[in-house]
Amino acid sequence: MSTEKKEVIFKIQNLQTWFPITKGFRKRIVGYVKAVDDVSLDIYRGETLGIVGESGCGKSTFGKNMMMLERPTGGQVLFNDGEGGRDITQFNREEMFAFRKKVQMVFQDPYSALNPQKKIYEAFEEPLKTHGIMSREEREKIMQRVLAMVNIQPDYLMRYPHEFSGGQRQRLCIARALEVMPEVLICDEPVSALDVSIQAQVLNLMKEIQKELKLTYLFIAHDLSVVQYMSDRIMVMYLGKIVEVADSRTLYEKPLHPYTRALLSAIPIPDIHGVRKRQILEGEVPSPIHKPAGCAFHNRCPHCMDVCKTTDPKLQHYGEEEQQVACHLYQNGGKGEQ
Ligand code: SF4
C-alpha cells in the first residue's frame, strides 16, 4: 500500500474491553479480565494491518470489537464511511445492520463456519436475502461472481460442506464474506487450521482479492512469517495493550520493543547457513486479571529498569519512520538498547 494519501477508515480511541469476574450467588464483581486495555490507533483504508501476540493478548477480542461482535466496555471506534467518522459503539439496530454489510469476518475454522446440513447454495443465499437482495436471478449472479473470485466452480453450489477439502472450505468462507461487497475483512487466524501446503494458496488468493476489490484487511495471526507476508503494517499486542506498531519492513528489520525482538527471534530462517540468536523469555506471562504495575512486560524483560516497575510506558513515535513503541528505553528521546 502506498504511504501517501492515507485515508483513515477506523479511528480507535482508548478502546477497552474488560470482562467482569463474578463470585457467589449475587454475582459480585471481584475483578476484571482486561482483554483490550486502552488501545488507540488509526487503521488506513486499503492497508493490511497484521495483529500479533501470544494467546490471550487480546488480538481476537480486538478483531471482534471492530465488528461489534464483542461490545467494548469503553472508548470509541470511529468508522469512516466516506461521510466522516461515526462511533460504531453508539450505533442503533439499523445503523449496525448497515455497518455489518461493510465489515465482514473470516474465522479460523472453516470446518465449523459452514453448516454441515446445508448445501453451499443455501449458506450463500442466506446473507444475500438478509441484506435485501430478493431477486433469485440477482442472488445467483452474485454467488457465481464470488465463487469465480475464489476459483470454485459454480456447480459446486449444490454440494455439502463435507465434500470439500479444508482449503476449499476456507475459500468458500472468503467468498461468502465477499457477497455483500464489504470494505473491510477481519481475518482471525484464517489459515492456521489449514495444511501448510494449502496456506500459501489461500494467502495469495486473499492478496489478489484485496487488490481487485481495494479491501482493508485486519489480519490476526500467531504465525509471524504469515503476518510478514500479508501485512503492510503490524501491531504487536501484549496483555491487552499495543507495545509496538510499524510498517512490516521496519518492524522485521529494526524491532524496538524487547517483546517484539523476542517474538521475531523465534522465526525460523529458511537457509541452512542462516543463524539467528533465539531469545528465550524468562518468567511467566502475568495473568490479565492481576497485571503487574508499571510495564506489564517488566517481569520478563531483560532490560527492566526501576521506572518500568512503577510507570506504564505510553505508546510514542520513535525515529523518522512511522514506528511507535511503548517502552521506557525509547521515551523522551531515549536511544534504546541496540
Ligand atoms: Fe522492558 Fe522497561 Fe521497556 Fe517494559 S518498559 S519493555 S520493562 S525496558
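The model is predicted, and local features need pLDDT of at least 70. Residues are numbered from 1 along each chain as its sequence is written.

**Ligand shell**
- Residues around the ligand include His257, Cys295, His298, Cys301, His303, Cys308, Cys327 and His328, where a residue counts as near if one of its heavy atoms lies within 4 Å.
- Pro258, Phe297, Pro313 and Leu329 also belong to these surroundings.
- The shell comprises eight nonpolar, four polar and no charged residues; Cys, Pro, Phe and Leu are among the nonpolar types, and Asp, Glu, Lys and Arg count as charged.

**Helix packing**
- Helices H3 (residues 120-130) and H5 (residues 166-178) have axes 9 Å apart, at an angle of about 25 degrees.
- H3 is therefore roughly parallel to H5 (angles under 35 degrees).
- H5 packs on helix H6 (residues 196-213) at about 15 degrees, with the axes 10 Å apart.
- That angle makes H5 roughly parallel to H6.

Notes: This is a predicted model: local features need pLDDT of at least 70, side-chain atom pairs count only at pLDDT 80 or more; totals for chains, interfaces and linings use all residues. Side-chain values use heavy atoms; hydrogens and water are left out. Axes are lines fitted to C-alpha atoms, for helices over the stretch in contact, and angles run from 0 to 180 degrees between N-to-C directions. Helices (H or I, at least four residues) and strands (E, at least two) are DSSP runs, numbered from the N terminus. Angles under 35 degrees count as roughly parallel, over 145 as roughly antiparallel, 65 to 115 as roughly perpendicular and the rest as oblique.
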